[in-house]
Amino acid sequence: EGKIASEHLYTFFLNMDEFGDVYEQQYAVALFNSVRFEIEGGGATQSQLLHRKDPLAGHSIFSGSLFQYLEENRKWRSRFISVPNSYAISLYESKTANERGLHPKATINCAGYKALASMEEYMELINTSLPGIKAKVGSNPFIKCPSEFPLILWHPYARHHYFCVMTEKEQKKWHAVLQDCVRHCDNGLPEDCTVQTPAFTDAVRLHRQAKGHYGTWAMMCGKPPQILANLVMETLHPELRNVIGPRLKGKMQQRQRNWMLISDAVYKQVLAQTTGQYEALAEACEVQRPKLDAMLRTDMDQMITAKEHVSSKIRALVLPKAEQLLRTSIQPYISSILEALMEPTSRGFSEVREVFFRELVEISKNSLNGGGKEKLGDHMDRLSMLAFHPVKMQSCYEKVEELNLEGLQQRFDVSDPAVFVSRAQILMREQMDNAVYTFEQLLNQSLEAKGENDMCKTIQCCQDRVLKKYDYDSSTVRKKFFREALLQIIIPYMLQQLSTSCSPVLPQFKELIFADFSRFLLVENMFEEVVLQSVSKDIMMAVKEAAVQRRHNLYRDSIILTNSDPNLHLLGENPSVDWASKFGADEPESTVDGGLIGGGGSGRRRKQVVSMIQLDGLPLPYESYLPEDPKSPDSVNEIRDLINPVVEMVVPVSEENQSEVTNGTEPATGTVTVEDGVQEDVTHVTTVMEEVPMKSPRDKSSPQSLLHQTIYTDCAFNFSAGEWIPL
């Protein structure tokens, strides 16, 4: 079985070499587009709200205690979890370990995961993990949660993580935090990288299209190495499952558990390989960039002319077929797709406005009730992180989660609307932070100019200005999102329909491109641009019509004025206002997580966005001491052991030899949790080996030779049953 897995891995790593060739080609194309845009310029609509460059500087998101399930001994253990501004979940043995700046026991990157809050939802995903296994409805999972409030991080390939809390309130808060971690880590491709990001996304798309996979892809999440690992596992995972799955032994739950461990082990190997391959690939392209850039700037005019000439030839071939496809299979559905996108998304953005407004009302009430400067500083300090407070933003996110493309998914090969939901939620968070930052800067400017007299009126004036700007920007951002989403849905469908008749003819157009320009002008990319242009007009008209009718509070582009408030954008260079220092407010204990910036020794504490949950003193059944970090099987032998498990027998120790076994020590008494979850009184005995003088390695009685013969028995005597049981 290990040999089969190795052969499959070798095959797919060869396919990654093919991806490398595609990436190098798309890198040159992306560089051409970037340099051309830099030279010609673009007329993007200017934002009315200010944008904060590093909103989470000096902050962490959340920290608190919960319970984690350990697969090695099938026990639950209390953990202290810290979520820094990188959104990578760090697990510590205790809060003290975190405060001392110790390394975490484990770190979880949530890209590609789903945060679940019910065991039923988890079992629906698990019961389809292996072929030929049809679990009964309501079948028991292979873990037993000691409370009614589980929290599970599920991944299609990597290890699953199980947590639980003791109250519903804690579960809701932790679930919102975990969802935010997933949302942030999924958005791993930086938009400001105008060459690397489009080169990578186009290379992934073309690589999947070459294998017949068109349409949206739910696992396009995380950083490039993670996306490449998902790309490999997309094909490798089902093949290994079909080969290894039937060979797994044991009960259904045990086979599911063993398959997850095998899947995680394979995923780790793939991720390690793709990380090294991508780093080498990206570095090789960056080394060539200065040379390519110089060539582009020298011959840009000739390249643009050559591209237009070849594109006109491709357009003459493709456009009649594309227009026919548009009339019969696409235009009748554009309005229904747009409406399905607009309604939940617009409700989400409206909820963002409402949440922001409610927070400002609270600040105004504080001013009217004579709360004082310290109280105002406290309110403003919390407002500054509103966009990154997952609990307060949850009502906004839930609105857009109602997006439903049922009936359109099969026609246009939309695998999962979660792709659009996640993107809309990221945009909502950005708009909330822009509104908060703009309000902060306007209020600070007004207070410096007019003083603190009539504070309520000053707050009201700033509020009105910001809400008006938010309405404009919300309309602009949503219209762009709708256009991009429609293109993501329609273009893959058109390419799939047109590629059969057009792709065989495309190579003949390569002869029209000069050899010096062939690296930057690819006929495949020009073909896709022609298809995109053919449908762009219909999409633009559909969105424009919705704006003209003022549906869902959309505005026409002509209404949005550029430079409508030129002095405001001068404030955009200012850092975030430190309201606690400005008004002398004491930093609340509930907003500090105790973690140090950059580890121990710096002495500066990070402000925490979400208040901490305290679980001190709450008992939990099945708690045990923490072993080493859970590890997946990393070797072929370990994977083989899961497929064909070896049963180990433990010989019980007689009562009369108990003193000899314990080496004269007193047996420890306590409780042990057996397989059925019942706790029983036991006497715990652990064997030890006496220290003896070292002898020659060739002496069979020496400790070195006995090392592989000695069995360390760990068992307990059950007084009620009158027998020894292994721990």
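## The nonpolar cores

The largest nonpolar core holds 168 residues, and the members that touch the most other members are Phe-19, Tyr-23, Ile-89, Leu-153, Ile-314, Ile-330 and Phe-439. Helix 7 supplies the largest share of this core, with 34 residues. Because domain 1 (1-53 + 189-299) and domain 2 (59-184) both contribute residues, this core lies between them. Please keep in mind throughout that this is a predicted model.

Apart from this core there is another one, made of 15 residues, including Leu-116, Met-123, Trp-154 and Cys-164.

Let us return to one residue of the largest core, Phe-439. Which residues does Phe-439 touch, not counting residues up to four places away in sequence? They are Phe-356, Leu-360, Met-380, Leu-383, Ile-459, Cys-462, Gln-463 and Val-466.

## Aromatic rings

A pair of aromatic rings can be described by how far apart the centres are and by the angle between the planes. With rings counted as paired if their centres lie within 6.5 Å, the count comes to 16 aromatic pairs. One of them joins Tyr-333 and Phe-412, with 6.0 Å from centre to centre and 80° between the planes. This pair is edge-to-face because its angle is over 60 degrees.

The pair of Tyr-333 and Phe-412 links distant parts of the chain, 79 residues apart: Tyr-333 belongs to helix 7 (residues 252-368) and Phe-412 to helix 10 (residues 409-412). Are these two partners buried or exposed? Tyr-333 has 25% relative accessibility, so it counts as partly exposed, while Phe-412, at 1%, counts as buried.

Ring pairs also build a cluster from Phe-19, Tyr-23, Tyr-27, Phe-200 and Tyr-278.

Another ring has a charged neighbour: Arg-183 lies over the face of Tyr-397, 3.9 Å from the ring centre.

## Two loop residues with positive phi

Where is Tyr-87 found? Its place is the loop between strand 2 (75-84) and strand 3 (89-92). Tyr-87 is not a glycine, yet its phi is positive, near 65°. The relative accessibility of Tyr-87 is 0%, so this residue counts as buried.

Arg-550 is also a residue other than glycine with a positive phi, here about 55°. This arginine sits in the loop between helix 13 (523-548) and helix 14 (579-582). With a relative accessible area of 43%, Arg-550 is partly exposed.

Notes:
Residues are numbered from 1 along each chain as its sequence is written. This is a predicted model: local features need pLDDT of at least 70, side-chain atom pairs count only at pLDDT 80 or more; totals for chains, interfaces and linings use all residues. Side-chain values use heavy atoms; hydrogens and water are left out. Rings of Phe, Tyr and Trp (its six-membered ring) pair if their centres lie within 6.5 Å; planes under 30 degrees apart count as stacked, over 60 as edge-to-face and the rest as tilted. Helices (H or I, at least four residues) and strands (E, at least two) are DSSP runs, numbered from the N terminus. Buried means under 20% relative accessible area, exposed over 50%, partly exposed in between (1.4 Å probe, protein chains only). A charge sits over a ring if NZ of Lys or CZ of Arg is within 6 Å of the ring centre and within 35 degrees of the ring normal. A nonpolar core is a set of buried Ala, Val, Leu, Ile, Met, Phe, Trp, Tyr and Cys residues joined through side-chain atoms within 4.5 Å. Domain bounds come from an automatic or database domain assignment. Contact means heavy atoms within 4.5 Å.
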